[in-house]
Amino acid sequence: MYEVMVEGSFSAAHNLRGYRKKCEKLHGHNWKVRVGVRGGNLDRTGMLIDFKEVKNYLERIMEKLDHKYLNEISHFKVTNPTSENIARFIYNELKSRLKGSHYRVSKVTVWESDTTSATYFQDKKDVE
Ligand SMILES: [Zn+2]
């Protein structure tokens, strides 16, 4: 198996509903994002997928989040914009764009700070 990783970052504000601590108040982060694409076969050029292709998709997804108040984005009006839910959002957005037959999105990690991150991936047993 091969796994290709691409990183990006975005800045945004959020607040966590129903969380009775500091993060319930409006604040911001510089989020770092790492996406993984996995597959068992390479193409004729010896690539699983062109890094540029993944990067372009990731940038388009992050444009939806960058310099936004995440709670106002339709996806996060009900779902809390936690790092976990942001990772899942990016995973699903990327999955719907990556149409290759020999690879798939393996995981998305979102860092809220240098020392804290959340990863979303699908287990074989998971039901969507
Ligand atoms: Zn926060």
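1. In which sense, parallel or antiparallel, do S3 and S4 pair, and over how many bridges? In this predicted model, strands S3 and S4 pair in the antiparallel sense, and 6 bridges join them. The two strands form a hairpin, with 2 residues between them. Within this pairing, Thr109 has Thr119 in S4 as its bridge partner.

2. The sheet as a whole may be considered next. It is an open sheet of 4 strands in the order S1-S2-S3-S4, and the pairing is antiparallel. S1 and strand S4 (116-121) are the edge strands, each of which pairs on one side only. On average, and with direction ignored, neighbouring strands of the sheet are turned by 20 degrees against each other.

3. Strands S2 and S3 run antiparallel and are joined by 7 bridges. Lys32 stands opposite Trp111 in S3.

4. Trp31 counts as buried because 24 other C-beta atoms lie within 10 Å, where the cut-off for a buried residue is 20 or more. Leaving out residues up to four places away in sequence, Trp31 touches Ser9, Phe10, Ala12, Ile86, Val110, Trp111 and Glu112. One of these, Ile86, is 55 residues from Trp31 along the chain, and the C-alpha atoms of the two are separated by 9.9 Å.

5. Helix H1 lies across S1 and S2 and runs at about 20 degrees to S1. Its 13 residues should span 18 Å at 1.5 Å a residue, and the end C-alpha atoms are 18 Å apart, which agrees. The buried residues of H1 are Val54, Tyr57, Leu58 and Ile61. Seen down the axis of H1, these buried residues fall within an arc of 100 degrees, so they line one face of the helix. In general, an α-helix has 3.6 residues a turn, so residues three or four places apart point the same way. The buried residues of H1 pack against S1, S2 and H2, whereas Lys52, Arg60 and Glu63, on the other side of the helix, are exposed.

6. Helix H2 lies across S2, S3 and S4, and runs at about 150 degrees to S3. Buried positions in H2 are Ser83, Ile86, Ala87, Arg88, Phe89, Ile90, Tyr91, Glu93 and Leu94. The partners against which the buried residues of H2 pack are S2, H1, S3 and S4.

7. The largest nonpolar core has 27 residues, of which Val35, Leu58, Ile90 and Leu94 touch the most other members. At least two residues of this core come from each of strand S1 (2-14), strand S2 (27-39), helix H1 (51-63), helix H2 (83-97) and strand S3 (104-113). H2 gives the most, with 6 residues.

8. Which residues are in contact with Leu94, leaving aside its neighbours within four places in sequence? They are Val35, Tyr57, Leu58, Ile61 and Val105. Among them, Tyr57, Leu58 and Ile61 are buried residues of H1, and Leu94 itself is buried in H2.

How values were computed: Residues are numbered from 1 along each chain as its sequence is written. This is a predicted model: local features need pLDDT of at least 70, side-chain atom pairs count only at pLDDT 80 or more; totals for chains, interfaces and linings use all residues. A nonpolar core is a set of buried Ala, Val, Leu, Ile, Met, Phe, Trp, Tyr and Cys residues joined through C-beta atoms within 7 Å. A residue is buried if 20 or more other C-beta atoms lie within 10 Å of its own, exposed if 12 or fewer, and partly exposed in between; C-beta atoms are placed from the backbone. Two residues are in contact if their C-beta atoms, placed from the backbone, lie within 7 Å. Two strands pair if DSSP finds at least two bridges between them. Axes are lines fitted to C-alpha atoms, for helices over the stretch in contact, and angles run from 0 to 180 degrees between N-to-C directions. The expected span of a helix is 1.5 Å times one less than its number of residues. The arc is that of the directions from the helix axis to the C-beta atoms.
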